[in-house]
Amino acid sequence: MAPVFFFIAALGAIAGAIGVVVLRHPLYSVLSLVFHLLSLAALFLLLRAEFVAAAQVVVYAGAVMVLYVFVVAYVGGTQEPVDLPGGARARLLSFGVVGLLLVELLIATLGSGLSAVGEEGAAYEPGFGSPAQIGELLLTDFLLAFEVSSFLLLIAAVGAVVLARRRGGVDDGEVEGRISVAQLLAPEGLGSMAESVSGRSGVTDEPEGRG
Amino acid sequence: MTTVLAEVGFYEPVWIQILKALVIFAVGLQIVPIVLLAERKILGRFQQRYGPNRVGPFGALQPLADIGKLLWKEEFRPKTSIGFLFVLAPIISIITATATLAAVPFGNVVDIFGEPVGLYGIDVNIGILYVFAFGAIAFYGLVLGGWASGSKYSFLGAMRAAAQLISYEVAGGLAVVGVVMMAGSLSLTEIVEAQAADGMWFVVPQFVGFLVFLTAAFAETNRAPFDLAEADAELVGGYNTEYGGGGFATYFMAEYLNIVVLSAITATLFLGGWLLPFGIDPPTWVDPLVVIAKIGALSFFFIWIRATLPRLRYDQLMSFGWKILLPLATINTLVTAILVVVW
């Protein structure tokens, strides 16, 4: 069964990757990237890396690609296909670059990676790839890398907030709509339209019942 | 032969796995029309009316009549819709809902005809992450459905659903971390066993986590008071506006199946799964019935909330998710982490 699953998932991954490049509509490109990522998750499952597979689906297919879908559906939902500037020459050049990249990858894999792969594959020990083992490795051998990358994410998050504030995106226009626990627990007034417009404060400058 | 995709604690013969799949989905899918009918009946009572009582005894055949009506309707799709995505989207929704059902444990390993059989579809070591992974894919069912319909209302509903799902998934996921830390495992069966070992359901020490998870579950199933994605009064119907007949029935079924599944997951994580309170230890065959009873109780709670609370405004929904629920879940995780280490 495993070889069958492998070929299905591998073909899916390749087809998805080709689709990202070939398909003209941006949303279809994003969707085939999602398909590619799901196929990769299936390959991870075959390697008994359940945790990595789940992380792949939750983080990439579930969070990162959702953002892509958002942006494309909002902004790029146009019918006209994306056209490359530069025409035939740029296309020729891109094929050249891709060819060079392929040669480089082939040298890398044929030269080093493939020689390490035997007929039997790597030995499988029970518990390999389980969340427990990955957690242990992250907090012992790879502690520094783990902490540094978490700092990187923290910096990115803080940076995003700072940028949003500088453009006045976080505070402006949202002050009225802000609610607190106390307001949720203690409903004031009767929930009229005027109250909802004035941000649940109970201030009514127009008569009740008009809303 | 090694079955890698369904790695279980021990190896079960293929025929048992097939049988299990059939039984679990037969039972799981039978709960759906019951919840459906119960919702209409209970909503009726809440609103001082009878609810369905014409078809069959006590209106019990109403779900069957509804499904029949939907299936015999003409399949219609708007001219602006995108064919294959329009068909694919409800299928994604129903597949992810049923796939999650496989992870729900209805009991521990029991002997059936001399074979050890786990009363669950699969018991993967990533457990609860499996549920979240399929929750992540379910997002595409809603968004693609709304986008491929080629209609403004559908699109708005889909965007609302998407924003809501990602906002509340974060809080829900963080709420589960507390349970996972206390149990020391991601596996759903081991989480129930940890509750048996502690002699206490996790709802007691993890009460905040329970509330946050339940709220996130309401949001993830698009139920009132978080049913912004299908707010009839504003959006005509949301992401499923353009669906009729089979497509609509599929979305409808997926929604109610999600209620059942999330009730089951909540029961497993916080309410002791197949355990009974006060140390009552019934024979093993009672275990699935206990789980089903808990699913019923939580589904009733879902319906109760729907009948009681009005719909939130959209900005309230977002600020509630990000500014109250998420910090609450984070603090809960931190406190639990400290207490687990100290004790």
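Modeller: Take residues 6-23 of chain A: this span is 94% helix and 0% strand, and its end C-alpha atoms lie 25 Å apart. Keep in mind that the model is predicted. The span was picked out from a record: an unreviewed UniProt entry gives it the feature "transmembrane region", along with residues 30-47, 53-75, 95-117 and 137-164 of chain A.

Residues 137-164 of chain A can be described in the same terms: 89% helix, 0% strand, and 36 Å between the end C-alpha atoms. A:Val158 belongs to helix 6 of chain A, which runs over residues 143-166. A:Val158 has a relative accessible area of 46%, so it is partly exposed. Its C-alpha atom is 40 Å from that of A:Gly96, a residue 62 places away along the chain.

Back to the first span, which has a contact partner elsewhere in the chain. A:His36 is in helix 2 of chain A. Apart from neighbours within four places in sequence, A:His36 touches A:Ala13, A:Gly16 and A:Ala17. With a relative accessible area of 17%, A:His36 is buried, because the cut-off for buried is under 20%.

Helix 3 of chain B covers residues 83-101, 19 residues in total, and spans 29 Å between its first and last C-alpha, close to the expected 27 Å.

In one, B:Glu39 pairs with B:Arg306, with 2.9 Å between the closest N and O atoms. B:Glu39 is in helix 1 and B:Arg306 in helix 10 (residues 287-308) of chain B, so the pair ties together parts 267 residues apart in sequence. B:Glu39 is buried at 2% relative accessibility, while B:Arg306 is partly exposed at 35%. B:Arg40 forms a salt bridge with B:Asp66, where the closest N and O atoms are 3.0 Å apart. This pair links helix 1 to helix 2 (residues 62-71) of chain B, its members being 26 residues apart. B:Arg40 is partly exposed at 34%, as is B:Asp66 at 22%.

How values were computed: Residues are numbered from 1 along each chain as its sequence is written. Chains are lettered from A and ligands numbered from 1 in the order in which they are written. This is a predicted model: local features need pLDDT of at least 70, side-chain atom pairs count only at pLDDT 80 or more; totals for chains, interfaces and linings use all residues. Side-chain values use heavy atoms; hydrogens and water are left out. Helices (H or I, at least four residues) and strands (E, at least two) are DSSP runs, numbered from the N terminus. Buried means under 20% relative accessible area, exposed over 50%, partly exposed in between (1.4 Å probe, protein chains only). The expected span of a helix is 1.5 Å times one less than its number of residues. UniProt positions are given in the numbering used here, feature names are shortened, and annotations may be inferred rather than shown by experiment. Contact means heavy atoms within 4.5 Å. A salt bridge is a side-chain nitrogen of Lys or Arg within 4 Å of a carboxyl oxygen of Asp or Glu.
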